[in-house]
Amino acid sequence: MAQNVNFDLNHPLVEAGLESPVDEEGVHDSFSQLIEEQSQNGGPSDAFELQQLQRRLDEEDRDNVAYLSSPGREFRGRSPGRRDVEWEDGERQGDPLLGERWSSDTMRILSSMPSRTIGRSRGAIISQYYNRTMQLRRRRQSRPAIRDFSRSARPSIRGYGIEADSTDADGAEASKRERLVNNLQNLSMSDRVGMLREMPLSVAEKSELRRLALQKEKRTISGSQIPCCSQLKYYIIIGARQSWYSWLSFLNSLQLWQVALKRVSGRFGTGVLSYFLFLKTLLFFNFFLFLVTGAFMVLPQAVHPPVLPAGGRSFSGLELLTGAGYFSDTVMYYGYYCNYTLSRSCSDDDGGRNVSLSNGTRVDCGLSYNMPLAYFFTIGVSFFITCIILVYSMSKSFGQSFRIDTSHSILAMKVLCSWDFKVIKKTSVKLMSENICTQLKELLAEVNHKDVKKTVGQNLWRLMVHGLAWAICIASTTACVFAIYYFSGYMYQMRRGGLSVTTQAPQDPLLTEASLLALPVVVSLINLLLPGLFNLAAWMEDYDSPSVRTYVSIGRNLMLKVSVLGVLCYHWLGRVATDHNSIGLKCWESFVGQELYRFLLMEFIFTLLDTLFGEFLWRLFSEKVLKRRRKPVFDIARNVLELIYGQTLAWLGVLFTPLLPLVQIFKLLLLFYIKMSSVMMNCQAPRNPYRVSQMTTVFITLLCFPSFLGASVCVTYTMWSLTPSTSCGPFRELKTMFQAGKRWVEALEKDNPNLSWLARAHSYLVENPLFLFVAAGIFLIVIYFHSQVVDGQRKIIGLLQEQIENEGEDKKFLITRLQSMHEQKRTPARRVCSQDSRR
């Protein structure tokens with residue numbers, strides 16, 4: 001259809017075309033190329049006619065852009081004054097680049113630019129894409145020339161008012177549309193989708209063309225007689241595809257807490273979501289650790305239980321809190337595991353158990369299982385695999401979080417491309433809309449954030465406030481650490497004194513067992529109250545950025561947790577392990593495992609108390625008493641550091657309590673549902689939404705270096721340096737736990753001299769601590785190089801973005817220079833005309 005093209009600069013479609021971000025590579029062919037293409041196909045007369053028409057129009061004096069025709073306006077009925085007024089309005093509302101009176105030459109160059117070719121008429125579009133579909137079908141039939149079509153279906157000259165008969169144009173467009181639908185029907189699905197995607201038409205028109213093509217295809221298929229084999233093949237393919245999609249949907253539904261996480265993300269943003277995602281990550285770490293220890297340590301020992309002394313302990317209920325008493329004689333603790341080789345029963349004399357003592361006397365009964373060796377290598381391998389997973393996760397998180405993604409570009413993508421049209425359920429639509437709205441708020445807050453310049457006096461005052469806040473936090477942390485140190489020493493001395501008293505007058509065993517909860521209660525109380533002081537100091541500092549406040553809170557809570565764990569490790573490995581005989585401990589490993597169980601359980605109980613009093617009761621008090629609708633904001637830093645603290649306890653205790661990862665799994669599951677319910681009921685979204693793009697990376701980094709690295713150092717020190725108990729555990733007759741692997745290698749070398757290489761490999765790789773340092777150094781080097789590569793890519797992307805901006809400025813500069821040169825050429829001609837008119 002040949003119609004007048006709207007070239008009004010105030011029109012919104014033109015403004016959108018000036019800044020089109022879409023890659024229209026298939027649409028950016030100019031009309032001159034199309035005319036040249038048709039002329040080569042045998043239509044020289046038509047091409048010559050169009051070129052003559054364009055040349056005549058170019059020779060006319062049309063300097064004023066507003067003078068060009070547009071729909072709904074009269075072309076020749078305007079006065080110069082009217083045109084000047086409209087041009088001034090266009091200057092106010094148009095693009096800054098169009099703020100000058102461009103000449104016809106400049107406007108011709110602008111109209112031939114790729115971003116301006118979108119505004120062509122639908123008749124030209126359909127004509128062009130009809131020819132393109134014919135090119136795809138050139139094997140079946142030859143491509144028709146442009147002279148075979150009516151004049152209304154030919155490409156129109158963009159930017160000039162060319163009038164035509166509307167009735168003939170509508171009929172021609174309908175016939176052309178029918179031909180295009182026929183050609184689209186005969187194309188393959190991929191070619192059809194690509195062709196429709198390239199068409200610069202509206203979405204409704206594209207959908208209509210696609211619907212018509214599909215209808216014709218269905219009619220053709222239904223009208224023709226399809227063979228039975230083809231029908232069977234067709235149904236098999238459809239059934240297999242539907243089965244595959246159903247399987248993918250089923251796998252997607254197996255993702256843990258998917259709907260709950262979407263609900264949290266939609267209401268509270270990515271900051272609160274990062275806490276629950278981190279909790280989910282810790283759950284998988286503990287699940288892996290439980291599978292490894294359960295399969296290679298707990299299950300073999302449970303199948304072949306050791307002979308326990310008579311007079312076992314009864315269950316009183318207090319063991320659920322203390323972990324002692326009845327639980328001491330179970331597979332939960334280190335002292336229950338035997339120090340001999342488990343094997344199949346080959347005689348009835350040993351009660352179904354074949355014993356291989358350390359003095360070398362053995363009975364060969366087939367399949368055997370060396371329990372000390374399994375205990376040692378299971379702990380070592382599980383820590384090594386966990387280290388690899390952590391390093392990989394941290395490296396991947398670094399690569400994802402430090403990408404170049406400016407808020408402006410992400411904002412445009414969220415606005416234009418974030419909706420999934422396959423979502424049809426009302427609940428899913430609601431969740432998705434809430435999620436998109438929250439993300440847009442975060443992006444807008446980041447875009448609108450401006451750094452306010454402060455005076456020197458204000459900067460000095462803020463520096464003094466920050467220094468005072470940090471002094472308060474460091475002083476309070478130091479005081480609490482010294483308090484824990486002296487209180488743990490006091491409890492140690494009380495246990496030594498209680499031992500001497502009990503030799504004369506025995507005390508109540510339940511009271512003695514309950515006193516074991518004193519130290520975990522004090523430490524958990526400090527971990528509960530001191531972060532409140534940190535939040536008060538942060539309120540006094542009044543940070544401008546919520547993300548900076550979160551990172552500062554994470555640093556202060558991390559300082560507290562690391563100091564507390566350092567004092568506790570010294571208490572367990574420096575006092576209890578080295579002087580366990582003075583306090584009457586027959587198995588100090590089981591005692592340390594019970595301590596870690598108590599600390600883990602008390603940390604969970606105090607977290608529940610914090611949820612109850614700090615969130616639920618505070619919300620009720622605020623609503624009922626203060627008559628406010630304000631709810632507490634979820635403290636991300638405090639809750640995340642509690643998770644890291646609990647996971648560090650679990651990694652420290654897996655050597656002494658192989659079932660501690662299972663306890664951590666139950667704790668994390670309960671904690672997820674409790675925190676989820678509390679957040680949805682008692683908390684509100686942050687007042688100032690912010691995007692935490694690097695929060696997950698920070699959490700994984702803290703989990704790897706202070707948490708896992710510290711736990712690995714303590715476990716390695718215990719296995720390489722400390723002397724095990726002589727009356728319990730799989731290493732009771734060894735000087736160190738490390739000697740279990742050394743004795744096994746020596747026995748293999750003695751039985752089979754061909755395995756001497758294994759002994760040398762063990763001495764170089766396992767016995768030598770240098771291997772551990774080299775492996776750790778390699779991991780650190782990998783992380784460093786990966787971060788450097790990411791940083792280099794970020795700089796390159798920044799340079800490319802700057803180059804793109806400079807190229808845009810170059811185009812503006814060239815257009816401005818072209819206009820100035822045109823004005824300089826026209827000025828002498830106008831002067832000559834004015835002089836002639838005066839004469």
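Rings of Phe, Tyr and Trp, the last by its six-membered ring, pair if their centres lie within 6.5 Å; planes under 30 degrees apart count as stacked, over 60 as edge-to-face and the rest as tilted. With that in hand, ring pairs link Trp257, Tyr275, Phe276, Phe634, Phe672 and Tyr673 into a cluster.

Before going on, the ground rules. This is a predicted model, in which local features need pLDDT of at least 70 and side-chain atom pairs count only at pLDDT 80 or more, while totals for chains, interfaces and linings use all residues. Residues are numbered from 1 along each chain as its sequence is written, and side-chain values use heavy atoms, with hydrogens and water left out.

Let me stay with tryptophan 257, one of the cluster members. Tryptophan 257 sits in the loop between helix H10 (228-253) and helix H11 (258-268); helices here are DSSP runs of H or I with at least four residues, strands are runs of E with at least two, and both are numbered from the N terminus. Is tryptophan 257 buried or exposed? Its relative accessible area is 9%, so tryptophan 257 is buried, where buried means under 20% relative accessible area, exposed over 50%, and partly exposed in between, with a 1.4 Å probe and protein chains only. The backbone deserves a look too: phi of tryptophan 257 is near 60°, a positive value in a residue other than glycine. Most residues other than glycine have a negative phi. Aspartate 542 also has a positive phi, near 55°, and it lies in the loop between helix H19 (518-541) and helix H20 (546-576).

Back to rings. The whole structure holds 30 aromatic pairs. One of them joins phenylalanine 487 and tyrosine 490, a tilted pair with 6.4 Å centre to centre and 35° between the planes. Why are these two about one helical turn apart? Because they are three residues apart in helix H17 (residues 456-502). Phenylalanine 487 is partly exposed at 24% relative accessibility, and tyrosine 490 is partly exposed at 47%.

Next, salt bridges. Side chains of opposite charge can pair when their charged atoms come close. The cut-off used here is a side-chain nitrogen of Lys or Arg within 4 Å of a carboxyl oxygen of Asp or Glu. How many salt bridges does a search of the whole structure find? The search finds eight.

In one of them, the side chains of glutamate 541 and arginine 556 meet at 2.9 Å, N to O. Glutamate 541 is in helix H19 and arginine 556 in helix H20, so the pair ties together parts that are 15 residues apart in sequence. Both of these residues are buried.

The other two are within helix H21 (residues 588-624). Glutamate 595 bridges to arginine 598, with the closest N and O atoms 2.5 Å apart. Arginine 619 bridges to glutamate 623, where the closest N and O atoms are 3.4 Å apart. Here the spacing is four residues, again about one turn of the helix. Arginine 619 counts as buried at 12% relative accessibility, whereas glutamate 623 counts as partly exposed at 27%.

Now the surface. Patches are made of residues with over 30% relative accessible area and no salt bridge; like charges are joined within 9 Å, and nonpolar side chains (Val, Leu, Ile, Met, Phe, Trp, Tyr) within 5 Å. Areas come from the Shrake-Rupley method with a 1.4 Å probe, and for residues only the protein chains shown count as cover.

Which residues make the nonpolar surface patch of about 760 Å²? They are Trp244, Tyr245, Trp247, Leu248, Phe250, Leu251 and Leu254. Of these, tyrosine 245 is found in helix H10.

There is also a patch of negative charge on the surface, where Glu802, Glu805, Glu807, Glu809 and Asp810 gather. Lys and Arg count as positive and Asp and Glu as negative, with His and the chain ends not counted; each charge is placed at NZ of Lys, CZ of Arg, CG of Asp or CD of Glu. Glutamate 807 belongs to helix H27 (residues 769-838) and is partly exposed, at a relative accessible area of 42%.

Asparagine 183, in helix H7 (residues 166-186), is buried with a relative accessible area of 4%. Its C-alpha atom is separated by 8.6 Å from that of alanine 213, 30 residues apart along the chain.
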